[in-house]
Amino acid sequence: MIKAVRGTRDLLPPDTELWNFVERKVREVFARYNYHEIRTPVFESTELFARGVGEETDIVSKEMFTWEDGERFSKAKLREAWLRENKDRVFIDEMDQVLVAGFAPIDLAVYPTDGSRVDRPLIELISLRPQATEADVSALIDASKRLVTERGGMLALKAPLLRIVTPAGARSVNSTEVEITQLAGHFFESVQPLTLRPENTAGVVRAYIEHEMGRSGLLQKLYYIGPQFRRERPQKGRYRQFYQIGAEVIGPPSAGSELPIRDAEVLDMLIALLHAVGLTGWTLYLNSVGCVHCRPAYNQALREALAGVKDQMCGDCQRRAETNPLRVLDCKVPADQPIIEKLPKIADYLDEGCREHFAQVRAMLDTLEVPYQVNERMVRGLDYYTRTTFEFTHGELGSQSAVLGGGRYDGLSEQIGGPKAPGIGFAIGEDRLVLALQAQQQQALAPLKAFIIPLGTGMNRHALKLARQLRAERVTVDVSDEGFRLKKSFETAEKLGATFAILVGGNEVEADAFAVKRLKSGEQTTVSRAELLEYLEG
Ligand code: HAM
């Protein structure tokens, strides 16, 4: 049996009802805060995440699904491209279209003989010996094979026959001897490292830059719902394909994108959403991680503090103590925790601007009566954060307790080659939000009110008519089939959790009144069509 890949899973009914309920609430609540949906591709160039999220983060250094993508050229297209590029420079040998150029320092060279016209060899080998030997020819063959392997083996062209040209004369070699699956730099350029998005902030900021969304001079308030991919060790609440609901406010500084009111409004919206979906029992942790001006001093302090103790820490910490000391604070290794507890605190290194910004965010949250705890160790696992960072945890989630996380990223746009465009946002782990809601036994599902049972031949259409009437009144009903035995239909009604069963037989249709059975108590009454809605809702 072919099964879903480790770390991925199918979302099935009835769970999908809860997912849809959550997403409906997201769209409703976010719209009230003037957010609009953005959909970016599920894969992006690897460089975007390396530069945006940061090389030293766990996400980029260990968890990305990355591959080298090369365009596959047909032979005809390849030939065309070669000709177009080299039309002014080609030089044809009289013998049989083998192209030879007088590359003085090159002793050995491979040229295609399949009609491609080139003025440079596809592969060159420079021999230091005055005269090429059989051994040189073998070395050339080896080198060409190595080249193919090193370049990742993308298929660009298989030359059917290659000709080895030496200063001493030409010798043909059959391509079974030299199987060249990738040739010439021109085609290497089409090979691109791509990555399944591990998060969506970098993609949104890329889109903001690419489409010059800052030109309006307004704030862009964007949200997304979609899958993300990280190669983490799967466990409950941690998947390799998971879903995020995220939002980003980004814009030129003149639109107020840096101001603390944006931070407070984002958190206010989150709380409105959690309220709308009915999540209780969460804790909001808040911190400020400073900015480009004050972070270097903090990094320096961390480096100095770590210098004496890092040898007792895990391998990751030892490396990060040098390369990116802030990441040491992310370490989850239990033995390292007492050391980390004693490290300098970021709060002591914030500059005046960051301190004031944080104070204003907090003052607004206090006025809005948003409960939070400051957690000075919370730096979050992505490098782009500046100033405000936050996380919401939920007690029902066990070890994967972060239901959402976010923060400000005032330098991200510039870091990936865009204009100055400060921003703040968050992403909710939708899988975890749903798990928490389920754990809370949230009855977000619209329960099945009635199961309509047609009794006898010709009754299906009457049952469907009644179902349509009730559904038009927003009652959730389902319908059996006249071919099923009554006992079976009642069993189905119970399994589906219906409150009522409604019988539709010939007598009922004639009287326009139906036998309605309350499944829990077994109580049964006849109710006219006109009074049915009121009876079911009562
Ligand atoms: P993050 O903290 O990496 O932030 O992820 C946000 C949330 O996604 C986490 O709190 C968690 O609920 C969920 N999550 C992460 N990894 C997994 C996983 N393997 N399985 C299930 N759920 C997971 C970001 O991604 C940032 N882009 C958030 C952001 C937006 N910051 C500013 N704007």
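1. Strands β10 and β15. In this predicted model, strand β10 (residues 241-250) runs antiparallel to strand β15 (residues 423-429), and 7 bridges join the two. Strands of a sheet pair through backbone hydrogen bonds, and the pairing can be parallel or antiparallel.

2. The sheet around them. β10 and β15 belong to an open sheet of 8 strands. Its order is β1-β9-β10-β15-β14-β13-β11-β12, and the pairing is mixed. Which strands stand at the edges? They are β1 (36-37) and β12 (373-374); each has a single partner strand, so one side of each is left without a neighbour in the sheet.

3. Helices α8 and α12. Helix α8 (residues 260-277) and helix α12 (residues 352-367) have axes that come within 8 Å and cross at roughly 40°. The two helices are therefore oblique to each other, and their crossing is right-handed. On the α8 side the contact is made by Pro 260, Ile 261, Asp 263, Ala 264 and Leu 267. These meet His 357, Gln 360, Val 361, Met 364 and Leu 365 in α12. By type, the residues of this contact divide into 7 nonpolar, 2 polar and 1 charged.

4. Helices α1 and α8. α8 also packs with helix α1 (residues 15-32), at an angle of about 140° and with the axes 9 Å apart. α1 and α8 are therefore oblique to each other; the crossing is right-handed. From α1, the residues in contact are Phe 21, Val 22, Lys 25, Val 26, Val 29 and Phe 30. Their counterparts in α8 are Met 269, Ala 272, Leu 273, Ala 276 and Val 277. How many residues of the contact of α1 with α8 are nonpolar, polar and charged? The contact has 10 nonpolar residues, no polar ones and 1 charged.

5. β2 and strand β8 (residues 192-196) pair over 3 bridges in the antiparallel sense. Within this pairing, Glu 44 stands opposite Thr 195 in β8.

6. Side chains of opposite charge can pair when their charged atoms come close. A search of the whole structure finds 28 salt bridges.

7. Strands β18, β19 and β20. Strand β18 (residues 500-504) and strand β19 (residues 513-518) run antiparallel and are joined by 4 bridges. Here Ala 501 has Lys 517 in β19 as its bridge partner. β19 is also joined to strand β20 (residues 524-528), by 5 bridges and again antiparallel. In that pairing the bridge partner of Ala 515 is Thr 526 in β20.

8. The turn between β19 and β20. These two strands form a hairpin with 5 residues between them. In this hairpin, Gly 522 takes a positive phi near 85°.

Key:
Residues numbered from 1 in each chain as written. Predicted model: local features only at pLDDT ≥ 70, side-chain atom pairs only at ≥ 80, totals over all residues. Heavy atoms only, no water. Pairing = 2+ DSSP bridges. Axes fitted to C-alpha atoms, helices over the stretch in contact; angles between N-to-C directions. Parallel < 35°, antiparallel > 145°, perpendicular 65-115°, else oblique. Left-handed = near helix turned anticlockwise from the far one by under 90°. Contact = heavy atoms within 4.5 Å. Nonpolar A, V, L, I, M, F, W, Y, C, P; charged D, E, K, R; others polar. Salt bridge = Lys/Arg side-chain N within 4 Å of Asp/Glu carboxyl O.
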